[in-house]
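Hi there,

Here is the structure I promised to pass on. Have a look at it first, and my notes follow below.

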Amino acid sequence: MANLSVRTLLSHSLKSITIHDDDCVRDDDIASHPAYMRVDVGKKKATVIKERLAGTSPPSTVLLSLSGTLTSDLLLNYHAVVFSSGPLSREEIIGLSEFCHAQSPPIGVVVAESRGLLGSVFVDFGSPHTATEDESFEFTVVQMNVAGGSVVVQEQCIHLLVQQGDLVEFAFCHAGGDSADLTWLHRRQFPVVQVAPPSGLVVNFGVSPLFVFDLTQHTRLKLKKIRGTRTIQHKSYRENIVAPQLVACPYYISSKDNERNIHLHSILHGLYSYRQRHGFFPQVNNAHHAQEVVNLTKDFVANTAAAAAFGRTVVSVQVVPDALTLEVARTASAEFAPLSALVAGMACRELLKFCGFGCPVSQLVYWDLLDLLPKDIKKERQFQHDAAGSVGEAHVLALFGRAAVERLRDARVVVIGCGSVGCQVVQNFTQMGVAKGVVVDGARVKRQDLATQSAYCEADVGLNKAHAVQTHYPTWTSVPVHLQQSHHVHFNHSFWQPTDVVVSTVDSDHTTLHLDDECFTYEKPWVLGHSHGHHTFTQTFVPHITERWVETKLLNTSSPSSSSSPLFLLDRVTALRASISPPLKSLPHGVDQTDSSAFEIHHMVQWARTVFDDAFHQSLVCLRATWTDRIGSSRGKRRDPAFIRMASEAYSRCQALTSVAACVDMARWFLEVLALKM
């Protein structure tokens, strides 16, 4: 996980990054860590990671490696430190984090763990720490007493994001909030007088005690905090062992298991107790080792319960289910690549908030993926991998059994888009044993991509992204074009039929619409995932089981595509399709393709074409609104031949925009239509 963390931090141009890990690379590390190769066995991990990432380090960042005992005096030379899953014991982390917490100004501490299917991130930026909110989470109001000022929201975590003195804003989800009798509340800001965990607030509305407001008579009401500064009181890592400041993981918000976070906290420290006693974590699928972890976890729970009777600073833990402890313990020595990538990304994001921009986690979050385990798994005791060590099947074998390994080995996975997310997806699939993957991307590698897209190196600059990925992952097949209808030679029946699952990381409505049609036609499940800055989006679609992507767009789009539109369902789908731009086509230009910078110029022309086309494609949106107004409450216009001819001509013209001249002709025609209507 250190390799993932360092690579992520390198993309943010920090002044210096120092890696410390005196453990040597072992054979078992090759299967689960893409930074290590067979020739690295016996070398120090910190040295190997530094050598691998030296080529991707920006000129402004100094990348160093540190050897020897990590002492508190050494930490005085740094502003922040990340403790990842490494050789340090819990006692060593406690001592060093206490030292960092006591400094003035404090040294930021992030503790990231990835143990099998259990991950955790702990943050301590000292007390007090002042942060500027970078975003505001919306809460759904379920109860409200305006006279008394009490507000209750649906989410059980408002006390973690809102504090006394903050300003909150109320807003209705639909236009009904703009009516005259609700202007006192809609889009207005009010101060928070008191926070009542986990879902209550007391707000100063400044209205008469006789004022009556019935929330049930109005549309859904939302609440969010206004961006501003916030003072946070962080506790040390030692204090969080007995009194953890737990953050509700979004994965369990809808779950009935409200005690899962505190149970996972107890199990993790049971694992640490096992390591302190034996010097290593329990072996994979070893029943005797797992049972000892169960007993140590019970001891931890009993000790905290006894300490809680003497003070309020200790949280009493309820009995931890033995089945949960056994599952976590039997997988603790394995590594699940997607979870490690997630934990590393969260740890780096929290570390970057140490400068004050963004509100950090307060303070401890757990995330487990135990629900992925098959119920009839045959547990394997031995780690097994191929002689070359190129396929990471050992950990998948330990976690999910031999049937899962064989299924992944034979699976045909298609990854569309080889950007930051796509590269990480290919890497994770490869580490899990997928050998028949296909990557699709028509773009080329740029120099700035080296910092954020993990699959590329200096030698790949200027190459097609799909070809570059295939170079580093030889078992994968590359398709060096964009996914478009015009490329039917590449994306035909023989391409889609043998595919098992599709992952799209392209943030393009046109590409997504085409993929939605193809996957529905060939009945292939697919996953849509992409990121924008600190925000990510993931959604899964399975034909005939979940709704289609185009259906979700209909539900989230305003008139005339929304369900309240006077148009019929098929007309709404047609309007939505018409609003999505057709595939971009290359413009002819006199650029020598042998020029090393030709692809840069090509992308500039494509970008200019996109901006130009998008401006004229707004004409279709305007026409769509005009048609809706003309139809009104009566549906007779859709049977008017003149109206149908005008609509068909407008749609055909917008679809035929293949050159700048066509765009100009479309603009001229559209202006003539408007002149006639006026």
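What share of the contacts in the chain with a separation of 6 or more comes from residues 24 or more positions apart? They account for 67% of those contacts, where contact means heavy atoms within 4.5 Å.

A word on the basis: this is a predicted model, in which local features need pLDDT of at least 70 and side-chain atom pairs count only at pLDDT 80 or more, while totals for chains, interfaces and linings use all residues. Residues are numbered from 1 along each chain as its sequence is written, and side-chain values use heavy atoms, leaving out hydrogens and water.

The chain has 22 helices and 20 strands (DSSP runs numbered from the N terminus: H or I of at least four residues, E of at least two). Of its 678 residues, 47% count as buried, meaning under 20% relative accessible area with a 1.4 Å probe, protein chains only.

Helix 11 (residues 337-352) and helix 14 (residues 420-431) cross at roughly 140 degrees, their axes coming within 9 Å; axes are lines fitted to C-alpha atoms over the stretch in contact, and angles run from 0 to 180 degrees between N-to-C directions.

Helix 8 (residues 260-278) packs against helix 10 (residues 322-330) at about 50 degrees, with axes 10 Å apart. That makes helix 8 oblique to helix 10.

Best wishes

Key:
Parallel < 35°, antiparallel > 145°, perpendicular 65-115°, else oblique. Buried < 20%, exposed > 50% of the residue type's maximum accessible area, 1.4 Å probe, protein only.
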